[in-house]
Amino acid sequence: MPSLLNGVRRFIREHDLIRPEDRIVAAVSGGSDSVALACLLLDLQSRGELHLAGLAHFNHQLRPTADRDEQHTAAFAAKSGVAIITDRADIAARAAANRQSIEAAARTARYEFFERARRHFGANLVALGHTRDDQAETFLLRLLRGAGSRGLAGMHPRRGSFVRPLLACRRAELQAYLASLPVGFVHDESNDDMAIPRNRVRAELIPLLEARFNRSSIDVLANEADLARETWDWLDRLAAEWIAAHVSVAGKTRQFDLAGWPSLPAVLRRTVLWQVMNDVGTGRVGFDHVSQALEVADSRGPTAFQAPGVSVERVGSKVVLTSKDRTGKDRETAGSEVRNDFRYPLSVPGEVSCPSEGWSVTVEPYSPTECSEIVHDGAESGNGPVALVRRVAGGLAVRGRRAGDRFQPAGLAGHKKLQDFFVDRRIARRERDRVPLVVDEHDRIVWVAGHRIDETFRVTDCAQPMLLLRLKQT
């Protein structure tokens, strides 16, 4: 298929992936894409356009057929006259030991092996067999997870010593190409597992898009990834230039003056904060964290916010970002934070007190003599020291807030992150850990004490069994 080879050659040249003097290691799993990659690189080598130094196969030991794949790849290498290096690891055991997902552990081990293979063969590049279909799937997965331009850029044609010469090729093209050659490939049964999100996208979502919306969905999605990558590269460069000119560095702290900040394009402000937060932080910073940091940088917003691994504060005319240690405390102020890792059972009737923080929470059954008594002192919403909720099955407890807490504030149609709720109500960061949460036996938030009950527990009928909750400041 000369047209396929010419397309690969054109893509390599467009992105300056491989030059005649380069020594390449091809990562080959034994599947159709990677076998086609090796065959195409062999063809290009015969034309003097590169040097294929060897093949690399990693056995993850995750499937009963994993040894079959290794043997098939070794046989292919022998038949093609190409050297091969193989390695294996118990990925399931590694994932358990490192408290990682199987996918994350496999990827880490695989790329470590590829780097060893590159050094083994004295090569400068490792070629991976990702296709245009893979790119479209990656774009959709990241879109559904809420990625921005950086994430939607998908897989890059080149990242360091790793190149992807087949990103312009469709999977069907490669399989048709292999059908014309005296070589075979294996089928990875894990690709049939619909519990894996990528497989569901491949087997269910993309066929639906192609059948009901656009027959060219793969190409459209892959093109969108290209556009996102070009956009991100541009933004990344502009943000880096602004940071170099305006952000001062002092140990684990970064700061910049807000003069001129509002005049920057919104997308550039977001990118600058994302870069700085990731630079100084010790955790994973996402879209919502950057949005809350942007509010801190707004003179009308809250003065402080804690993201994973980094605190963001507005001090006068400056924004100060400080790294936090693994316990979640600011490195500069470790030991001064309020502890919120408490959890106390709350019997009915009963009381929980926390003298060190100056509050107590009480609960008792409540029976109004008439329905009008239900609405008093904000009790129907919990916006105040008293909250009236429907009787909860099982036990209650009082605990501090945790990362990821969500609830449905009474009167709202959807759920909201507790962190976002606190920001909207302009509750200072130092006060958020002092707010007790009343939760049910399933750890669902019943009442953000003093602020709002969850819609699920709102009283809608005066005949319902009820509980009266009180927050007392001591």
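Buried means under 20% relative accessible area, exposed over 50% and partly exposed in between, with a 1.4 Å probe and protein chains only. The model is predicted: local features need pLDDT of at least 70, side-chain atom pairs count only at pLDDT 80 or more, and totals for chains, interfaces and linings use all residues. Residues are numbered from 1 along each chain as its sequence is written, and side-chain values use heavy atoms, with hydrogens and water left out.

**View A. Cys39 and Cys169.** Cys39 is buried, at 9% relative accessible area. Cys169 is also buried, at 3% relative accessibility. The sulfur of Cys39 lies 13 Å from its closest cysteine sulfur, that of Cys169, which is too far for a bond. Zero disulfides (pairs of cysteine sulfur atoms within 2.5 Å) are found in the whole structure.

View B. Glu70 counts as buried because its relative accessibility is 16%. Its side chain makes a polar contact with the side chain of Asn59 at 2.9 Å; such a contact is a pair of N or O atoms within 3.5 Å, and within protein one must be able to donate a hydrogen and the other to accept it, while residues adjacent in sequence count only if both atoms are side-chain atoms. Leaving aside neighbours within four places in sequence, Glu70 is in contact (heavy atoms within 4.5 Å) with His57, Asn59, Thr86 and Arg88.
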